[in-house]
Amino acid sequence: MDAQPDDPLIPLCNSTDLVNGGVAVGFDVVYGGQTCRAFAIRYQGQVHAYLNRCTHVAMEMDWRPDHFFDDSGRWLLCATHGAHYEPDTGQCRGGPCKGGLIKIGLVEHDGVVHWQSQYLLKPVSF
């Protein structure tokens, strides 16, 4: 997805909440009019976020809440079918997957990670 410079930033978590290859921070978004789960991770010092939706079958990927990395901290895994994805791009690298995960723009500054609202991606309204 292509974020624009004027798209709103939504605070997500403290920077210290995301550790390289560690537990993700989950959050809810509205994507194309539907409420979905998403997750943010840190990989090789950079933060990344994706919809929590495998490209093989549109179902959540975590094997335990907010656990996406394999034991090596190298791949994001779908617990149901074993598809694995590059943590920094979301591209499929093996298993039953098609294409890549839907990426969500993140910005990290002043010790806070923010996610970026986009045309099809909005915060959940209460």
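Buried means under 20% relative accessible area, exposed means over 50%, and partly exposed covers what lies in between (1.4 Å probe, protein chains only). With that in mind, select Cys36: at 11% relative accessibility, Cys36 counts as buried.

Before moving on, note that this is a predicted model, in which local features need pLDDT of at least 70, side-chain atom pairs count only at pLDDT 80 or more, and totals for chains, interfaces and linings use all residues. Residues are numbered from 1 along each chain as its sequence is written, and side-chain values use heavy atoms, with hydrogens and water left out.

**Stop 1: the cysteines**

Stay with Cys36 for a moment. The closest cysteine sulfur belongs to Cys54 and is 14 Å away, too far for a bond. Now select Cys54, which is buried with a relative accessible area of 3%. The closest cysteine sulfur to that of Cys54 is in Cys78, at 3.7 Å, again too far for a bond.

A disulfide here is a pair of cysteine sulfur atoms within 2.5 Å, and the structure holds one. Look along the S-S bond: with 60° about it, the link of Cys92 and Cys97 is right-handed. Both ends are buried, Cys92 with a relative accessible area of 18% and Cys97 with 15%.

**Stop 2: the aromatic pairs**

Next, show the rings. Rings of Phe, Tyr and Trp (its six-membered ring) pair if their centres lie within 6.5 Å; planes under 30 degrees apart count as stacked, over 60 as edge-to-face and the rest as tilted. The structure holds four such aromatic pairs. Pick Phe39 and Tyr50: their ring centres are 5.9 Å apart and their planes stand at 45°, so the pair is tilted. This pair links distant parts of the chain, eleven residues apart, with Phe39 in strand 3 (residues 34-43) and Tyr50 in strand 4 (residues 46-51). Strands (E, at least two residues) and helices (H or I, at least four) are DSSP runs, numbered from the N terminus. Phe39 is buried at 0% relative accessibility, and Tyr50 is buried at 0% too.

Now go to Tyr43 and Phe69, whose ring centres lie 6.4 Å apart with planes at 25°, so the pair is stacked. Tyr43 lies in strand 3 and Phe69 in the loop between strand 4 and strand 5 (76-77), so this pair ties together parts that are 26 residues apart in sequence.

**Stop 3: the nonpolar cores**

A nonpolar core is a set of buried Ala, Val, Leu, Ile, Met, Phe, Trp, Tyr and Cys residues joined through side-chain atoms within 4.5 Å. The largest has 19 residues, and those with the most contacts inside it include Leu12, Phe27, Leu51 and Trp115. Colour strand 2 (25-31), which gives the largest share of this core, four residues. Apart from it lies another core of 16 residues, among them Phe39, Cys78, Ala83 and Tyr85.

**Stop 4**

Finish with an open sheet of three strands, in the order 5-6-7 with antiparallel pairing. Strands pair if DSSP finds at least two bridges between them. At the edges stand strand 5 and strand 7 (92-94), each with a single partner strand, so one side of each has no neighbour in the sheet. Zoom in on Leu77, whose bridge partner in strand 6 is His84.
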